[in-house]
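I opened my notebook to look up a few things in this structure. My entries follow, one topic at a time.

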Amino acid sequence: MIEAKRVSLAIEHSTVVNQMTFSFSEPGMYGIIGPNGAGKTSLLRLMSGAEQPTSGSILLEGKPIGAYPRKMLARTMAVLQQGGLPPVGFSVRDTVAMGRFAYQGWFGDEPDDPTPLIDSALERMGLAELQHRSLDRLSGGERQRAALAQIMVQNPQIMLLDEPTTYLDIGYQLQLLETVLEWQRERGMIVVAVLHDLNLASLYCDRLIVMKEGALYASGNPRDVITKELVRDVYNAEAEVIYSEEGGPPQIVLHREGYWAKKHSSSDQVPFMQPIGR
């Protein structure tokens, strides 16, 4: 369980996270959404222990997250940073194997052979054929998949993902999130992901937290949260929200309004993503 109690963060006298209170206590896929500058990444950094709150607290299993030794925390929580891995010269396999750091002794040894876990992560992320290639010879999307494979072998109970679909085309976005969702259900994990695409967030998340100007704007399941009023108030955009007859997650279709209306007919619509089933 990870819990925020009236947590705030100020950077250079500017409040970027303001009095946020929430908890993730049950296994599931949770999304944090909101416009650029809303404080999503800052909140994720607070949850990971990378930033210390100005006020309030982040608790992991009832204990302040800053009280955990580094290796102990890494055995519980894995973090995919925004931007993924830099294009360095390590091979894909060696990079993925670095996710086992928290379980290794002074000489890099482990009680159990991690090879099956590493092989499984490479296979799941479609990297088996690229495992001996160096990272500097991969595309941004391939490095992003290697970054996720690395935290998969960390074998955490909680996974924090900051914009995990960065650099990926639509097909790989769906493949990555399907893999994460499948793994979350197998392991009974808590996965918290910062996502920009509202339709992907709606498709894959059990619960959403919406941030606006550093504060909690709304929270709940996607059918309750994703509304045309929310899109207007939070993103300053006009949209239709489409609900499937089977009771599936909502999907949005944006309207051309404002700036684009000066150049195009306001009756036109631009799909944000084609509605698809889960």
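**Entry 1: an aromatic cluster**

I started at Tyr-30, which is buried, with a relative accessible area of 8%. I noted the cut-offs: buried means under 20% relative accessible area, exposed over 50%, and partly exposed in between (1.4 Å probe, protein chains only). The model is predicted, so I kept its conditions beside me: local features need pLDDT of at least 70, side-chain atom pairs count only at pLDDT 80 or more, and totals for chains, interfaces and linings use all residues. I also wrote down that residues are numbered from 1 along each chain as its sequence is written, and that side-chain values use heavy atoms, with hydrogens and water left out.

Which ring pairs with Tyr-30? I found Phe-24 there, in a tilted pair with 4.5 Å centre to centre and 35° between the planes. My rule for pairs covers rings of Phe, Tyr and Trp (its six-membered ring) with centres within 6.5 Å; planes under 30 degrees apart count as stacked, over 60 as edge-to-face and the rest as tilted. By this rule I counted 2 aromatic pairs. The other one I looked up joins Phe-22 and Phe-24, tilted as well, at 5.2 Å centre to centre and 45° between the planes. Phe-22, Phe-24 and Tyr-30 form one aromatic cluster. Phe-22 counts as buried because its relative accessibility is 6%. Phe-24 is buried too, at 1%.

**Entry 2: charges over rings**

Next I looked for charges over rings. My test was NZ of Lys or CZ of Arg within 6 Å of the ring centre and within 35 degrees of the ring normal. Arg-100 has its charged end over the ring of Tyr-103, 4.0 Å from the centre. Arg-145 does likewise over the ring of Tyr-172, at 4.2 Å from the centre.

**Entry 3: the cores**

I then turned to the nonpolar cores. Such a core is a set of buried Ala, Val, Leu, Ile, Met, Phe, Trp, Tyr and Cys residues joined through side-chain atoms within 4.5 Å. The largest has 50 residues, and Met-29, Leu-127 and Met-159 are among those with the most contacts inside it. Which helix gives the most to this core? I found helix 5 (residues 140–152), with 6 residues. Helices (H or I, at least four residues) and strands (E, at least two) are DSSP runs, numbered from the N terminus. A second, separate core of 28 residues includes Ala-4, Leu-46, Ile-58 and Ile-158.

I checked Met-159 by itself. Contact here means heavy atoms within 4.5 Å. Leaving aside neighbours within four places in sequence, Met-159 touches residues including Ala-78, Leu-148, Trp-183 and Val-192.

**Entry 4: the sheet**

In what order do the strands of the open sheet lie? I read 6-7-8-3-9-10 for its 6 strands, with mixed pairing. Two strands pair if DSSP finds at least two bridges between them. Strand 6 (77–80) and strand 10 (215–220) are the edge strands, each pairing on one side only. The twist averages 15° from one strand to the next. Strand 6 and strand 7 run parallel and are joined by 4 bridges. Leu-80 has Leu-161 in strand 7 as its bridge partner.

Helix 6 lies across strand 3 (28–33), strand 7 and strand 8 (190–194), at about 135° to strand 3. For such angles, axes are lines fitted to C-alpha atoms, for helices over the stretch in contact, and angles run from 0 to 180 degrees between N-to-C directions. Helix 9 (residues 228–235) also packs on the sheet, touching strand 3, strand 9 (207–212) and strand 10. Its direction makes about 35° with that of strand 9.

Helix 1 (residues 40–48) is mostly covered, with 7 of its 9 residues buried. Lys-40 and Ser-42 are among the buried ones. Just after helix 1, Gly-49 takes a positive phi of about 90°.

Most residues other than glycine have a negative phi. I found a positive phi at Glu-12, near 50°, and at His-13, near 65°. Glu-12 is in the loop between strand 1 (2–11) and strand 2 (14–24), and His-13 is placed between strand 1 and strand 2 as well. Is Glu-12 buried or exposed? It counts as exposed, because its relative accessibility is 74%. His-13 is exposed too, at 88%.

Last, I looked up Thr-165, in the loop between strand 7 (158–162) and helix 6 (170–187). Thr-165 counts as buried because its relative accessibility is 15%. Beyond its neighbours within four places in sequence, Thr-165 is in contact with Gln-144, Gln-173, Leu-177 and Leu-200.
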